[in-house]
Amino acid sequence: MSYNPQRKPVVAVARELVSHGGIQADLGQDTARYYSTDLREEEDVNSSFRKIRHELGSVQVLVYNAGARRVNGRSILDTTAEEFESFTKINLLGAFWSTNLSPGKSVLRALAQIVTREYQSHGIHAAHVIVDGGVDGKLIGGVRRLWERAGDEKLGDVEAHFMQPVDLARIY
């Protein structure tokens, strides 16, 4: 395949060459480039992206559509830790390694939804609560010390800049 720098090709990344064949049939040999990558392995993902950057330049648009899931309608309790780890690597870590994003909290939300759907008929409900900001506590101590050293006026109204644990406890 010849590379035309005026037109960047679509880059397809998949673990198995069989996957590439379907994409190649859809897009054509001259329109796409293919990289075999195991999205469960950080170094494999990093290596593929280094090759892509070297051969084609920076990725302009990334569509991360890899996925793994439980099959056969099994309960979450029937999912092994090894299966869950593999799902997490493909669905979450592969995206993280590809995009440098941290979508981990959305995974916790999804896990809470799974538990709720499977066990709500037994009176069990899992909640995922988003605390959208810093909570005034031990972990924020470093920020407070920076403010103190800088003589920052924010120290005069900490409640306006941090959520207070007592307020969060009332909400829960």
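Which residue forms a salt bridge with Arg-33? The legends below start with an overview and then take up that pair.

**Figure 1. Overview of the predicted model.** This is a predicted model, in which local features need pLDDT of at least 70, side-chain atom pairs count only at pLDDT 80 or more, and totals for chains, interfaces and linings use all residues. Residues are numbered from 1 along each chain as its sequence is written, and side-chain values use heavy atoms, with hydrogens and water left out. The protein has 7 helices and 2 strands; helices (H or I, at least four residues) and strands (E, at least two) are DSSP runs, numbered from the N terminus. Starting at the N terminus, the order of elements is β-α-β-α-α-α-α-α-α. Of the 172 residues, 21% are buried; buried means under 20% relative accessible area, exposed means over 50%, and partly exposed lies in between (1.4 Å probe, protein chains only).

**Figure 2. The salt bridge of Arg-33 and Glu-55.** Arg-33 forms a salt bridge with Glu-55, and their closest N and O atoms are 3.7 Å apart. The two residues link distant parts of the chain: Arg-33 is in strand E2 (residues 32–36) and Glu-55 is in helix H2, 22 residues apart. A salt bridge here is a side-chain nitrogen of Lys or Arg within 4 Å of a carboxyl oxygen of Asp or Glu. Side chains of opposite charge can pair when their charged atoms come close. Arg-33 counts as buried, because its relative accessibility is 17%, whereas Glu-55 is partly exposed at 37%.

Figure 3. The whole structure holds 5 salt bridges. In one of them, the side chains of Glu-43 and Arg-50 meet at 2.4 Å, N to O. Glu-43 is partly exposed, with a relative accessible area of 48%, and Arg-50 is partly exposed as well, at 43%. Another salt bridge joins the side chains of Asp-167 and Arg-170 at 2.8 Å, N to O. Asp-167 and Arg-170 are separated by about one helical turn, because they are 3 residues apart in helix H7 (residues 165–171). Asp-167 is partly exposed at 34%, while Arg-170 is exposed at 63%.

**Figure 4. Ser-48 and its contacts.** Ser-48 is part of helix H2 (residues 42–56) and counts as buried, with 3% relative accessibility. Leaving aside neighbours within four places in sequence, Ser-48 is in contact with Tyr-35, Ser-36 and Thr-37; contact means heavy atoms within 4.5 Å. The side chains of Ser-48 and Thr-37 are joined by a polar contact of 2.5 Å. A polar contact is a pair of N or O atoms within 3.5 Å; within protein, one must be able to donate a hydrogen and the other to accept it, and residues adjacent in sequence count only if both atoms are side-chain atoms.

**Figure 5. Lys-8 and Thr-31.** Lys-8 lies in the segment before strand E1 (10–14) and is partly exposed, with a relative accessible area of 36%. The C-alpha atoms of Lys-8 and Thr-31 are separated by 8.3 Å, and the two residues are 23 apart along the chain.
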